[in-house]
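Please open the structure in a viewer and keep the selection tool at hand.

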Amino acid sequence: MAEKLLKFVSLEQEMPLKRAAKQRLADFREVYAEFDTASATAQASRCSQCGVPFCHIHCPLGNNIPDWLRLTAEGRLEEAFLMASSTNNMPEICGRICPQDRLCEGNCVIEKDFDAVTIGSVEKYIVDTAWSEGWVRPIRPLVELDQSVGIIGAGPAGLSAAEELRKAGYQVHIYDRHDRAGGLLVYGIPGFKLEKDVVGRRTGRLEQSGIIFHLDFEIGREAGLADLREKHDAILIATGVYRGRGLKVPGVGLGNIREALDYLIVSNKKGFGDKVPEYDNGNLDAKGKNVVVIGGGDTAMDCVRTAVRQGAKSVKCLYRRDRANMPGSAREVQNAEEEGVEFVWLSGPEAFVGKTAVEAVRAYKMRLGAPDATGRQAPEPVPGSSYMMPCDLAILALGFEPEDLPALFGAPELRVSRWGTVTVDHASMMSNLDGVFAAGDIVRGASLVVWAIRDGRDAASSIKTYLKTQKAKVA
Ligand code: FAD
Ligand code: SF4
Ligand code: SF4
């Protein structure tokens, strides 16, 4: 084994080629190229095959990382693919967009003295190769069962649950209010992080596997929760969180002050070549505009990087803490800076100024004060520090909250937390309504794709147990 592995001492970490910023700005294609076979094999061979693999422990899916790295280093790619797929329904997507620096790679044991194994890029390489080799096939269940499951939401939580349930032979119906399946994978995350055909081939495979998609079908408009419960033997709510957190400052009601997701959804639809009036009429197109994005998380990073690609005149990211304390990934900040985004640290909006539409943001400087209950230093305005910055489009990226699901679903009996997330029994993921389960962001609050997949898998496992019990009761 040592021959093909443990190379971290002699072989340096190497990332796949990164496209130059100038080239990236010309399109919405991904930033990183694919490893070639030699680089993937070499990088996988840096793994030290730890006895206690912290990478595996810190992967929310408990991926068998050392095993598929070893198989890759040995050139046994089809086996590596099977192993990677046994714990993850979308490994090539996680390989692209997981914040690996906080998860698997950030906990790689060799990271202390050498740079971490590039786990995410190898995972992407393995499964992209599997797609191109034709190893990823539609699911053909061994039995067809007569019980059916209705899933509300075609994001990663809903899709992962659907796949696991279909493998077991259940009849699976997914309802989504959008015209395409994928949730935030298609309409939130921009193409430069995740190209849309990567998502499309996953959802296409599920369709070929016999899962029935009901698109443009909003629960609360086309049907209520009760209608779905009548129709199916179990329900999974996987609707995500979409209501943008507001900002209470003077002038916030002016025109051209928009929520991050409205902006990103429109941009993603345009990327599909759709007719999108809000973009086509110039309202949500950043071209030629001074854009100010407010917030410091990954959504804010996606907005600023979308705006520079649309040809904005200037793009500023206004964040109330400093670089070291921002929630967004350091890698994304670096990418954004390379692409021409200006970060205005320790600054917050005091007011939006304009006649009918925003013309400027009046901002003030902030400083970090005493730590709050969470231990983070709370930002506070510096008196007399106000200044103006020109702005024709302001984008609010301040986080997301759930919609009022009990009201929307016509189901006041559905129990939710005081934040509006669906309350579930954490062992079974069942809500207070018999046979109604929930998974993903609608349970956790805004989180990560990898956690949504994990929840979808866990919920599917509980739903299988529930359906078997129901069947036994009838027999
Ligand atoms: P979603 O992906 O939100 O899917 C929910 C689906 O439910 C949607 O398709 C929606 O249309 C549908 N739906 C909602 N209500 C109804 C209804 N009433 N009737 C029918 N359908 C309904 N995570 C990462 O790991 N890496 C990243 O780089 C990353 N970038 C992100 C960038 C942005 C801009 C955003 C907003 C999030 C990002 N995330 C990222 C977080 C990640 O996308 C989410 O955690 C994940 O998608 C949650 O999955 P989900 O299945 O719970 O919900
Ligand atoms: Fe790392 Fe995410 Fe892959 Fe897990 S799923 S190994 S955290 S990239
Ligand atoms: Fe390999 Fe790093 Fe995981 Fe250890 S922690 S098994 S070196 S990837």
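Select Leu 448 together with ligand 1: in this predicted model, a backbone N or O atom of Leu 448 lies 3.3 Å from an oxygen atom of the ligand. Then turn to Ile 219; here a backbone N or O atom lies 2.9 Å from a nitrogen atom of ligand 1.

Now display the surroundings of the ligand. The protein covers 97% of the 1000 Å² of accessible area that ligand 1 has on its own. Helix 8, helix 14 and helix 18 (449-474) are the elements that each give two or more residues to the shell. Of the 35 residues around ligand 1, those that come nearest are Ile 97, Asp 176, Ile 219, Tyr 242 and Asp 441.

Proceed to helix 14 (residues 298-309) and select Asp 302 within it. Is Asp 302 buried or exposed? Its relative accessible area is 4%, which is under the 20% cut-off, so Asp 302 counts as buried. Beyond its neighbours within four places in sequence, Asp 302 is in contact with Ile 189, Pro 190, Phe 192, Lys 193, Leu 264 and Glu 332.

Finally, select the open sheet, whose 5 strands follow the order 3-2-1-4-16 with parallel pairing. Strand 3 (212-214) and strand 16 (436-438) form the edges, each pairing on one side only. Strand 2 (residues 171-175) is joined to strand 3 by 3 bridges, and Tyr 175 stands opposite His 214 in strand 3. Helix 8 (residues 156-167) packs on this sheet, touching strands 1, 2, 3 and 4, and its direction makes about 165° with that of strand 2.

Key
Residues numbered from 1 in each chain as written. Chains lettered and ligands numbered in written order. Predicted model: local features only at pLDDT ≥ 70, side-chain atom pairs only at ≥ 80, totals over all residues. Heavy atoms only, no water. Pairing = 2+ DSSP bridges. Helix = DSSP H or I, 4+ residues; strand = E, 2+ residues; numbered from the N terminus. Contact = heavy atoms within 4.5 Å. Axes fitted to C-alpha atoms, helices over the stretch in contact; angles between N-to-C directions. Buried < 20%, exposed > 50% of the residue type's maximum accessible area, 1.4 Å probe, protein only. Near = heavy atom within 4 Å. Polar contact = N/O pair within 3.5 Å; in protein donor to acceptor, adjacent residues only side chain to side chain. Areas by Shrake-Rupley, 256 points an atom, 1.4 Å probe, with all protein chains shown as cover.
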